[in-house]
Amino acid sequence: MIELLDKLIQDGVDRGLLQKSTSSDFLDSSQVEIEQESYINFGSCSYMGLEYDDRLKDAVKDTVDRFGTQFSTSRTYLSIGLYDELEAELSKMFSKPLIASASTTLGHLATLPIVVEEGDAVILDLQVHSSVQMATQLLKAKKIPIHLIPHNRMDSLEVKIKALQGKAKRIWYLADGVYSMYGDFAPLDELQQLMDKYDQLYLYIDDAHGMGWTGKNGVGYVRSQMAHHDKMILTTSLNKSFASSGGVVVFPNEEMYRKVKNCGTTLIFSGPIQPPMLGAGIASAKLHQTVEFAEKQDELKEKIAFTNRRLKELGLPQYMVTDSPLFFIPVGLPRVILRIIKRMKKKGFFLNSAGFPATPMKKGGLRFMINQNLSFEEIDDMLVTLRTEYLLGVFEEKSSPAEIAKEFRLEPFLVDHGLDLASAKDVFEFQEEHFDSIQAIDAHEWDAIFAKEGTNAHHNLKELEQIFRNHPEEENNWRVNYHVIRDKQGEIILASVYSLVLMMDDLLADRATSEKIKELRQSDKYYLTSKTLISGTPFTKGKSVYVNYAHNDWKEAVTAHVEMLQDLAEREEASKLVLRDFGRDQRDRLESFMLELGLVDIRLPNNCVVRDMDWEDENGLAQRMSQKYRYSLRKEILKKESQFRVEYKKPESEELRRYTYELYQQVYARSVDIAVFELPYVLFERMFADDNYDFIYLYLEDGPAEPVAVLISQVVGKNYNAELVGLDYDFVKEKGTYKQILYQAVKRAKQLGCATVDMAYTAEMEKKKVGAVPEESYAFSMALEHYSFAEMELLV
């Protein structure tokens, strides 16, 4: 996730749109200057526009004159008296015990580890603010179970509550009052009903974006909709609408307040709000309690209503229409968002982006705020301009209002926009062919492209179709399809095999995460699994997407293929799209282009391949290795070879066939490096009958009658592809059976005249001992939802 975020942010930086700084010597209005260019700022969350109020500025100046720039003492020992004054004014507003913290984030870090006790459980809303999620990491150290629900799904919340009732003392639900990406609200009526219904349910809610602009005395959205429930902790911000600095934690009772004040670590060990901003905070709190402030709230609400009205009149879409000053305009991929923002900057307007990972990759948008510094004229000018620049930006990036409406499941919008976006798009004369069976494709033409690099050969795909199509088990019911794009002369520009399958979401997760998920799957086989659209099939590897890079239109063909897959994934409600098994050179060629299409490159485990088969015996093989691995080959493998009897044969008896499957199951049961479903026995029955599969059995000369290891490989042309291994784990460590059978695979490939031995992923060190060289492998992936990723992050 860090690497992915780094790439996306850096792309915005490289476009000159992110991580900018103001260049003016002063700020005093809605104007902001960046690199000596002036913009109307629609990116400010200072909803009430109080940062330029003379009363707050005078309070800062007076406080600095009287108390200096800082008071550097932990509040546990001594607080400057201004703190008492600020908290007293805030208490008048909220009528509950509260603590002012140096920031909202530090308030979360002080509060949650204290109020959430041993025996409690926590449930997070998927969209709850990052600062709240950060604080829950501290709860994991206390072994507090953390659960997740889809955004604002109260039905899912109640299911979780019922499941935890007999296991937890208290159940804490962590949410936002106003969500910072889409600007939508928490369903407070339903939450209040659930708290009244379930004694164990407590609400911890962050109303940072709701503060100031609504509610009596600006107490925020949550308190404007409900009284302070006796099982609710409310947090909010003294930044944003409040125009000072810090955060506030509002408690339902004195006991919680006292315990957090005494024990909250960031209240003890972090610095306080400093005197200048305490002065601003006191002045702001006093202003909040005036009739004048209520009038300012009404003025802002008029601007919010005006914005909603003009958006509707102009035909611009909204994810959700609310009374919030935070607006989200659906767009799609990051590149389209950044294009529109760039166009708006050229017209003199500064807006923000909202995108992955805060939203799914294809469900990002424009994010802008309405505040008191903005005039009605400035708002109207921006919206009128946005209508045009939105359309032109979408057009430039080969999207359309129809595509956006489809992606976000909105009613059609901007249908009569006056621009012929569809006909204005570049038209490429492709011949697209779609097949639901490999049998409809010429075997010679297909194998000329795919058979030399992996196992997506025509014959193999035909067999897999017969095994997995309409299989009764969900995880073994694969929909395998094919896409071929030709130019008008019939030359293939792109060809691909792809599958819609149920896969484990932790396919390539780290070992600790997969081990935890594997435990949880003991009681729920399909826990954290989802429909996934992959190139290739779950059983094949190697090239699954062919691109003719010599063709002038290869980028257009890749775009057409990816868009077709994205549409299919959305129709089928797949969680992700994965194009896989690209080498380093292809990855470097495609990385930036795929990012524009919304796919990010992911490093897969190295693929281990023996490519140097030009040797006559084991000494010749050893001479091609480094001294370290030459020594390992001789000591750990060749020295023990005489202890084994090796047989190259298909299993003839049903007993040996079943035992072969049992050996595979032993390996599967211990595997966590790559999380996949267990392959069904019917696949093995096909391999037993297929002449393209080669079987190597290892028997101990002085051991059991049954084999102690088996390796099943597929021979495609001159390539020996090791596919499945089975091991009796009673002998792996003592006898080195795994290393031995890898070596026998190399010998067998030499005997069959093969030019390469593909040993696939994992166990890299052991494969190096028989001459394999690790080769980098990559995938390009798009997450169409991010619930499963968030769920996995909570597990470890």
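**Ground rules**

I am working with a predicted model, where local features need pLDDT of at least 70, side-chain atom pairs count only at pLDDT 80 or more, and totals for chains, interfaces and linings use all residues. I number residues from 1 along each chain as its sequence is written, and my side-chain values use heavy atoms, with hydrogens and water left out.

**Entry one: aromatic pairs**

I searched the whole structure and found 28 aromatic pairs. For me, rings of Phe, Tyr and Trp (its six-membered ring) pair if their centres lie within 6.5 Å; planes under 30 degrees apart count as stacked, over 60 as edge-to-face and the rest as tilted.

I looked up Trp-172 and Tyr-202, a tilted pair with 5.0 Å from centre to centre and 35 degrees between the planes. Trp-172 belongs to strand S6 (residues 171–176) and Tyr-202 to strand S7 (residues 201–206), so this pair ties together parts that are 30 residues apart in sequence. Helices (H or I, at least four residues) and strands (E, at least two) are DSSP runs, numbered from the N terminus. Are Trp-172 and Tyr-202 buried or exposed? I found Trp-172 buried, and Tyr-202 too; buried means under 20% relative accessible area, exposed over 50%, and partly exposed in between (1.4 Å probe, protein chains only).

Next I turned to Tyr-661 and Tyr-664, whose ring centres are 5.8 Å apart with planes at 35 degrees, so this pair is tilted. Both lie in helix H24 (residues 654–670), three residues apart, about one turn of the helix. Tyr-661 and Tyr-664 are both buried. They are part of one aromatic cluster, whose members include Tyr-668, Tyr-681 and Phe-684.

**Entry two: charges over rings**

I count a charge as over a ring if NZ of Lys or CZ of Arg is within 6 Å of the ring centre and within 35 degrees of the ring normal. Lys-518 lies over the face of Tyr-668, 5.9 Å from the ring centre. I also noted Arg-645, whose charged end sits over the ring of Tyr-699 at 4.3 Å from its centre.

For Cys-608 the nearest cysteine sulfur is that of Cys-754, 18 Å away. Cys-608 is buried at 1% relative accessible area, and Cys-754 also counts as buried, at 7%.

My search of the whole structure gave 59 salt bridges, each a side-chain nitrogen of Lys or Arg within 4 Å of a carboxyl oxygen of Asp or Glu.

I picked Glu-85 and Lys-286, which meet at 3.5 Å, N to O. Glu-85 is in helix H3 (residues 81–94) and Lys-286 in helix H11 (residues 275–288), so the bridge ties together parts that are 201 residues apart in sequence. Glu-85 is partly exposed at 33%, and Lys-286 is partly exposed at 41%.

Then I checked Glu-397 and Arg-335, a salt bridge with its closest N and O atoms 2.8 Å apart. Both of these residues are buried.

In Asp-612 and Arg-624 the closest N and O atoms are 3.0 Å apart. Asp-612 counts as partly exposed at 37%, and Arg-624 does at 42%.

Last, I noted a network of salt bridges that links Lys-7, Arg-584, Arg-587, Asp-588, Glu-591, Asp-601, Arg-603 and Glu-776.

Notes: Disulfide = S-S within 2.5 Å.
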